[in-house]
Amino acid sequence: MPTRRAVTGRSREPRARFAEELRHLRAQRGESLRQLGERLGWDWSLFGKMESGETLGGPEVVEALDQHYGTPGLLLTLWELAIDDRTQFRERYRRYMELEAEATGLWHFAVSVLPGLLQTPGYAGEVLAAGGLKGLDLEQQVQARMSRRSLLEGDDAPPFRTILSEAVLRTPLRDAGEWRAQLEYLVRAADRGNVTVQVLPFRAGHHGLTGGALMLLRQSDGRPVAYSENTYRGELIEESARIERLQRAYDDVRDMALSPAESRKFVLRMLEEESCDFST
């Protein structure tokens with residue numbers, strides 16, 4: 001599909017528009033990439049990657065470019081739009097991200113990793129780094145994941161329930177401080193009126209959702225959609241018969257899980273254990 005163009009002839013896709021603006025401003029100045037790098041103190045190859053759309057760079061370099069070109073706030077605004085653009089996610093997630101943003105209700109099961117909607121920057125960074133991301137790409141994906149959390153904030157936020165396998169909470173981060181911050185954030189999130197957190201203890205035994213993480217979405221027209229994910233791939237499921245089976249399995253798991261009040265105590269106990277371990 002060709003890149004959409006506005007009447008100005010510029011791209012209307014946030015990432016492409018940001019890169020185009022960078023190329024346009026540098027061309028107006030008559031600078032080479034090397035000259036730009038020397039004047040701003042960054043490796044010139046970074047600016048080349050930003051102008052080609054390979055990377056977005058970080059806020060510090062974008063602010064420096066705004067100052068250099070005399071465009072206060074313009075480039076930083078375009079950068080923020082590009083960071084929040086859902087097309088930055090891998091192709092297999094694009095359709096799901098659109099549905100998630102429009103959902104009127106969300107039900108999640110986590111088999112090994114906390115849901116992205118409830119992750120802290122430290123947790124997201126370690127999980128994404130374990131998947132092979134690093135450098136600016138890692139920073140951008142962490143920022144993008146953090147932007148998704150706004151879905152659960154505000155007066156119109158949809159209800160969200162997550163059932164966490166005990167394994168999720170028994171797999172800490174390498175950084176003890178970041179892990180405590182994540183547990184604290186989970187407790188605060190569970191106190192919101194639209195967020196429900198339940199823990200599925202090991203003693204619950206085998207169940208029908210052991211194969212991977214699951215998200216069930218209810219769309220504005222009442223239509224249910226499911227998204228199943230494991231370590232290697234994700235699958236968007238829209239067939240009603242399959243969704244019904246997954247819904248029954250989810251309901252069974254919810255019945256086996258601790259109540260929201262008991263789950264909150266479970267997380268608080270883990271937080272106390274982490275604090276005791278840190279102080280010894």
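**A look inside the cavity**

Guide: Gladly! Counting cavities of 30 Å³ or more gives 1 cavity in this model, which is a predicted one. The volume of the largest cavity is about 30 Å³. How do we find such a space? Rolling a probe the size of a water molecule over the atoms shows where empty space is left.

The lining of the largest cavity is made by Leu 22, Leu 36, Phe 47, Met 50, Glu 51, Leu 65 and Tyr 69. Two elements each give two or more residues to this lining: helix H3, covering 44-52, and helix H4, covering 59-69. Which of the elements gives the largest share? That is H3, with 3 residues.

The protein chain has 12 helices and 6 strands, and its C-alpha atoms fill a box of roughly 65 × 55 × 35 Å along the principal axes. Of its 280 residues, 45% are buried. Sequence distance matters for our picture too: among contacts between residues at least 6 apart in sequence, 67% join residues at least 24 apart.

The accessible surface of the chain is about 14900 Å², and carbon and sulfur atoms account for 49% of that. As for charge, the chain carries 38 positive and 43 negative side chains, with the centres of the two sets 3 Å apart.

Note on methods
Residues numbered from 1 in each chain as written. Predicted model: local features only at pLDDT ≥ 70, side-chain atom pairs only at ≥ 80, totals over all residues. Heavy atoms only, no water. Helix = DSSP H or I, 4+ residues; strand = E, 2+ residues; numbered from the N terminus. Buried < 20%, exposed > 50% of the residue type's maximum accessible area, 1.4 Å probe, protein only. Contact = heavy atoms within 4.5 Å. Areas by Shrake-Rupley, 256 points an atom, 1.4 Å probe, with all protein chains shown as cover. Lys, Arg positive; Asp, Glu negative; His and termini not counted. Charge placed at Lys NZ, Arg CZ, Asp CG, Glu CD. 1 Å grid on protein atoms, 1.4 Å probe; cavity = no way out; pocket = protein on both sides within 12 Å on 5 of 7 lines; lining within 4 Å. Points joined across faces, edges and corners; volume = space filled by probe spheres on them.
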